[in-house]
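Colleague: Please show me the model, and let us then go through a few of its local features.

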Amino acid sequence: MRNIAFVSAMLASALMCGAVDYIVEGQVEGLDGKKMYMYDYDRQVNIDSADVKGGKFRFAGSYDRNAFVRVENGRAYSNCVLDSLVTVDFDSHMASDGAGLTRKFLDLYNQDRAFDAELNKFGEELDSHGFTGEERGEIYKRLFDKQRPVRIKFYADILKNNSDGIGEYFVMSLGNFWGLEPAEWDSIYALMPEPLQQTRMAQTFNKKFERRKQTLPGAMFVDLEGKTVDGKESHLSDYVGKGKYILVDFWASWCGPCRAEAKNVLIPLYEKYGNNPKFDIVGVGVWEKGEATKKAIADSGYKWSQIIDAGRTPMELYGFDGIPMIILFGPDGRIVERDLRGDRLVKAVEDAIL
């Protein structure tokens, strides 16, 4: 009821101030007699609904801005920017056509996708020529590093000039860009129009990068709370800052890259150095219920200590939203390195303890 009241008040205000009229339509299979819902990503509320008849639906109404929205029912979903006319597609999960703002958005969206297409094609060529492991990663990274400043400038130019749903979409793209440094976020955030700066999305990422700045190498660890696998209260401070180098793996059972990193890197590392008095590994299960974490621990044979049921709090405290996140803490509890993976992870541990 609270959300309905909020949206009603918001729309009433918008109508007085001059709202954006929109039509969003499309075709969807298997949902006749059901409703499609329109969800505002930034405000996290449903703003409209439409009946599906004969495989078709149409939203028509007014809103206070050209928001970035999701049209959905269950697994059927598509994204778009509110516009005077938008057609959405459920195969690509994106608008397929529309009026001027939609076409502008699709042009920018396709330019952004072209960066990924270039990287994917290059990766396939490396695979076809037999490059693997560290050698493949180093060659691939050279293209990524060459592309990186061009892509970040691309985002910056968009975000300087778009405070509507286009800006909201590219705030998410920038905020989730792999390896983006806090200083890079800060410089682009300062250029954003004030309405875009004040969106929930921009404020969320701003907080994330602020926390990341506070947990860079050299900073003291931030404590967190969870449970042991047998249900007792547990804290990161039970392990970190006790005179050993502690490698902390933030992970979840549903995270494929987390399980792969544990299998290929952490298990061999623990088998090699687990008895070293200078070193230990601690897992922290995030973003899921503890029962799922416990099952994965048992199935995968992880022998190091675990803190489970930590929720998303560790992600907020350490400023990350992707896992695995692996951080090496020093004997005094200060961060030695973070965002560790693969050979770089092994080297960081060996440099510390050998």
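Modeller: Two strands pair if DSSP finds at least two bridges between them; helices (H or I, at least four residues) and strands (E, at least two) are DSSP runs, numbered from the N terminus. The model is predicted: local features need pLDDT of at least 70, side-chain atom pairs count only at pLDDT 80 or more, and totals for chains, interfaces and linings use all residues. Residues are numbered from 1 along each chain as its sequence is written, and side-chain values use heavy atoms, with hydrogens and water left out.

Colleague: How many bridges join strand 7 to strand 8?

Modeller: Strand 7 covers residues 86-89, and strand 8 covers residues 94-98. Asp89 has Met94 as its bridge partner in strand 8. The two strands run antiparallel, and the number of bridges joining them is four.

Colleague: Which residue of strand 7 is the bridge partner of Gly26?

Modeller: Strand 1 (residues 20-27) pairs with strand 7 in the parallel sense, over three bridges. The partner of Gly26 in strand 7 is Val88.

Colleague: Within what arc do the buried residues of helix 9 fall, seen down its axis?

Modeller: Buried means under 20% relative accessible area, exposed over 50%, and partly exposed in between (1.4 Å probe, protein chains only). In helix 9 (residues 290-300), the buried residues are Gly290, Thr293, Ala296 and Ile297. They line one face of the helix, because the directions from the helix axis to the C-beta atoms fall, for these buried residues, within an arc of 125°.
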